[in-house]
Amino acid sequence: PTHPELLDHLASEFIANGWSTKKLIRSILLSSTYRMASTPADAVREADPDNQFFSRQNRRRLEAEAIRDAILAASGKLGLDQGRNSQRSLYQKLDRNKIPEMFDVFDFPNPNLVSGVRNTSTVPTQALFLLNNAFVINESKNAAGHLLADKTLDTGQRLARAYRATLGRDPRPREKALALEYLGQHDKGHDNPEAWAGILHSLYACVDFRYLN
């Protein structure tokens, strides 16, 4: 272990809190270390290039359920109710003999086995899925409709909202310029559902969408 003192501290807290795994996980997830971004300052990166000392969060790919939920959230269709009426992937009924394609592509564990740790692969089929799958294409259209429903927004505000809903940030100048150029290539592009669906689809398919910084 690289941090024996930290392990001792967590073990002591674990015992003091009545051996509660829930409290242990909560304390870790709410720590400032866990909530840091994965993009540190240059000085921090130079001092700890391999993140051995937890100077930043490790960049990681979202799990299959989180990717699906993020797509539904951008289109305004993610119901947050618990249980059977929820749209969240956590509550979806799963046929053990027919795992949904999205789950299969993004390393969902075999439901017939006990899996303590999930595999996290990065393969071309993941990008191809987000480009070609009917669910992703349909939800791009739904997200475009959801975005255009607010008539008080101008084009720049719509673009900012689209980026925030999918990538959690505003578009960079180059990205904004490309998007405006793309919209200009369509008839009534600034209010064209098909054009905006194309932008949302491209955001779903980009690498930043499926990775957490």
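Me: In this predicted model, with which side chain does the side chain of Glu139 make a polar contact?
Reply: Glu139 sits in helix H7, which spans residues 134-148. Its side chain reaches a polar partner at 3.3 Å. That partner is the side chain of Asn142.

Me: Is Glu139 buried or exposed?
Reply: The relative accessible area of Glu139 is 2%. Buried means under 20%. Therefore Glu139 counts as buried.

Me: Which residues is Glu139 in contact with, leaving aside its neighbours within four places in sequence?
Reply: Contact here means heavy atoms within 4.5 Å. With those neighbours set aside, the partners of Glu139 are Ile71, Leu72, Ser75, Lys77 and Tyr204.

Me: At what angle do the axes of H4 and H7 cross?
Reply: Helix H4 covers residues 64-74. Its axis and that of H7 come within 8 Å. The crossing angle is roughly 30°.

Me: How do the residues of the contact of H4 with H7 divide into nonpolar, polar and charged?
Reply: H4 brings Arg68, Ile71, Leu72 and Ala74. From H7 come Phe135, Val136, Glu139, Ala143 and His146. The division is six nonpolar, one polar and two charged.

Me: Which element gives the largest share of the largest nonpolar core?
Reply: The core has 32 residues, and Ile71, Met102, Phe106 and Trp196 touch the most other members. Among the elements that give two or more residues are H4, H7, H9 and helix H10 (193-205). Eight residues make up the largest share, and they come from H10.

Me: Is Tyr182 buried, partly exposed or exposed?
Reply: Tyr182 lies in helix H9, residues 173-184. Its relative accessible area is 29%. The cut-offs are under 20% for buried and over 50% for exposed. Tyr182 is therefore partly exposed.

Me: What separates the C-alpha atoms of Tyr182 and Ile199?
Reply: Tyr182 is in contact with Glu194, Ala195, Gly198 and Ile199, leaving aside its neighbours within four places in sequence. Tyr182 and Ile199 are 17 residues apart along the chain. Their C-alpha atoms are separated by 8.4 Å.

Me: What is the phi of Trp19?
Reply: Most residues other than glycine have a negative phi. Trp19 is in the loop between helix H1 (4-16) and helix H2 (21-29), and is exposed at 57% relative accessible area. Its phi is positive, at about 60°.

Me: Where is Asp107 found?
Reply: Asp107 has a positive phi, near 65°. It is buried, with a relative accessible area of 15%. Its place is the loop between H5 and H6.

Definitions and conventions
Residues numbered from 1 in each chain as written. Predicted model: local features only at pLDDT ≥ 70, side-chain atom pairs only at ≥ 80, totals over all residues. Heavy atoms only, no water. Helix = DSSP H or I, 4+ residues; strand = E, 2+ residues; numbered from the N terminus. Buried < 20%, exposed > 50% of the residue type's maximum accessible area, 1.4 Å probe, protein only. Polar contact = N/O pair within 3.5 Å; in protein donor to acceptor, adjacent residues only side chain to side chain. Axes fitted to C-alpha atoms, helices over the stretch in contact; angles between N-to-C directions. Nonpolar A, V, L, I, M, F, W, Y, C, P; charged D, E, K, R; others polar. Core = buried A, V, L, I, M, F, W, Y, C linked by side-chain atoms within 4.5 Å.
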